[in-house]
Amino acid sequence: MILKNYYWLFEKIIPDGICDDIVRLAKSYDSKLGIIGDMKREELVNNKDKLKKLKDYRNSNVVWLKERWIWNLLEPLVRVANTKSGWNFQWDQSEPCQFTLYDKGQHYDWHSDCFSGAYDTPGEQTHNKIRKITTMLMLSNSSDYEGGEFQMDLNHKDKTKDKNILTVDYSEKGTVICFPSFMFHRVKPVKKGTRYSMPTWHLGNPFM
C-alpha cells in the first residue's frame, strides 16, 4: 500500500489537566508487564528464560482503560487524521486504551500493531475485525524523561532496502500521533525518568 502520509500529528491537542486525569486514573489500577501476540501471562511464571526473552523485546508496564470519555477524546481525531492523511480506511470501533509506563531502561523493539489475521472472537464486536489505525497520546512532559524516542521503519517490508528510520517527535504532553497499524515502529529505551503514553487501536473490516 502506497501512503502519502505515514502519520498524522495533533500537537498538544489534549489539555494538560485531562492528561493528568488519565494518569491518575491509570495509577489507581495495578499495572502489569506488557506481553506480545498470543502469549499467555501464566507462561512467564517460573520461566526465567521466556521472561528474559520477552523483556529483551518488550519491557513496559500497562493498564487497560475502558472509560468511554477517553475514547470520546480520540475518535474525532482519528476521523480527521484518516481523512486529511488520505488513508480513508473503513473503521467502525475502538479497542480499550492501553496506558503504558516506561521506566529507565524499558523499551519496545520493532513491531507492528497488526496480527496475522482478523480477530477470531465469535459473539464479540471485534470478530473478523483488524487493527487499522493506531493512536498514541503522550501523557508526560518532555522534561520528565530522557530517551524513549518513537521511530518508524518505512522499509520494513522491503528487505532489499536498508532501513529507512524516521524519528517522530511527539514528546510534548497532550500530543496525539495517528498512523496505520501495519507500520513498524519502536520506542527506544528510556534513559532517565518515566514516560507515560496511551496507545489505542481502531478497528475495521479486513482490507480487500
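The questions and answers below concern a predicted model.

User: In strand 6, how many of the residues are buried?

Analyst: Strand 6 covers residues 97–102. Cys97, Phe99 and Leu101 point one way, while Gln98, Thr100 and Tyr102 point the other way. Residues on both sides are buried. The count for strand 6 is 6 of 6.

User: Which residue of strand 6 stands opposite Val62?

Analyst: Strand 4 spans residues 61–65 and runs antiparallel to strand 6. The two are joined by 5 bridges. Opposite Val62 stands Thr100.

User: Strand 6 is also joined to strand 15; which residue there stands opposite Tyr102?

Analyst: Strand 15 takes in residues 195–204. Strand 6 and strand 15 run antiparallel, with 3 bridges between them. The residue opposite Tyr102 is Arg195.

User: Is Gln98 buried or exposed?

Analyst: Gln98 is found in strand 6. Buried means under 20% relative accessible area. Gln98 has 6% relative accessibility, so Gln98 counts as buried.

User: With which side chain does the side chain of Gln98 make a polar contact, and at what distance?

Analyst: Beyond four places in sequence, Gln98 touches residues including Val62, Trp64, Ser197 and Trp201. Arg58 is also among them. The polar contact of the Gln98 side chain, at 3.2 Å, is with the side chain of Arg58.

User: Which residue in strand 7 stands opposite Arg58?

Analyst: Strand 3 and strand 7 (residues 107–111) pair in the antiparallel sense. The pairing has 2 bridges. Opposite Arg58 stands Tyr108.

User: Which strands stand at the edges of the open sheet of 5 strands?

Analyst: The order in this sheet is 3-7-13-10-11, with antiparallel pairing. The edge strands each have a single partner strand, so one side of each is left without a neighbour in the sheet. These edges are strand 3 (58–59) and strand 11.

User: At about what angle does helix 2 run to strand 7?

Analyst: Helix 2 consists of residues 48–57. The helix lies across strand 3 and strand 7. Relative to strand 7, the angle is about 80°.

User: In strand 13, what is the bridge partner of Gln151?

Analyst: Both faces of strand 10 (residues 150–153) are covered. Phe150 and Met152 are buried on one side, Gln151 and Asp153 on the other. Strand 10 runs antiparallel to strand 13 (residues 184–187), with 4 bridges. The partner of Gln151 is Arg186.

User: And which residue in strand 11 stands opposite Met152?

Analyst: Strand 11 spans residues 165–168. There are 4 bridges between strand 10 and strand 11, which run antiparallel. The residue opposite Met152 is Leu166.

User: Where is Trp87, and which backbone oxygen does its side chain reach?

Analyst: Trp87 is placed in the loop between helix 3 (68–84) and strand 5 (93–94). Its relative accessible area is 8%, so Trp87 is buried. Contacts outside four places in sequence include Leu3, Tyr7, Ile133 and Phe179. At 2.7 Å, the Trp87 side chain reaches the backbone oxygen of Asn5.

User: How many residues apart in sequence are the parts that Trp64 and Trp201 tie together?

Analyst: The whole structure holds 10 aromatic pairs. The Trp64 and Trp201 ring centres are 6.1 Å apart with planes at 50°, so this pair is tilted. Trp64 lies in strand 4 and Trp201 in strand 15, so the parts tied together are apart in sequence by 137 residues.

User: Trp201 is buried; which residue lies over its face?

Analyst: The relative accessible area of Trp201 is 5%. Trp64, by contrast, is partly exposed at 40%. At 3.9 Å from the ring centre of Trp201 lies Arg131.

User: Is the aromatic pair of Phe182 and Phe207 stacked or edge-to-face?

Analyst: The ring centres of Phe182 and Phe207 are 6.3 Å apart. Planes over 60 degrees apart count as edge-to-face. Here the angle between the planes is 70°, and the pair is edge-to-face.

User: Which residue has its charged end over the ring of Phe207?

Analyst: Ring pairs link Phe207 into a cluster with Trp87, Phe89 and Phe182. Phe207 has 34% relative accessibility, so Phe207 counts as partly exposed. The charged end, 4.7 Å from the ring centre, belongs to Lys132.

Technical notes
Residues numbered from 1 in each chain as written. Heavy atoms only, no water. Buried < 20%, exposed > 50% of the residue type's maximum accessible area, 1.4 Å probe, protein only. Pairing = 2+ DSSP bridges. Polar contact = N/O pair within 3.5 Å; in protein donor to acceptor, adjacent residues only side chain to side chain. Contact = heavy atoms within 4.5 Å. Phe/Tyr/Trp six-rings, centres within 6.5 Å; stacked < 30°, edge-to-face > 60°. Lys NZ or Arg CZ within 6 Å of the ring centre and 35° of its normal. Axes fitted to C-alpha atoms, helices over the stretch in contact; angles between N-to-C directions.
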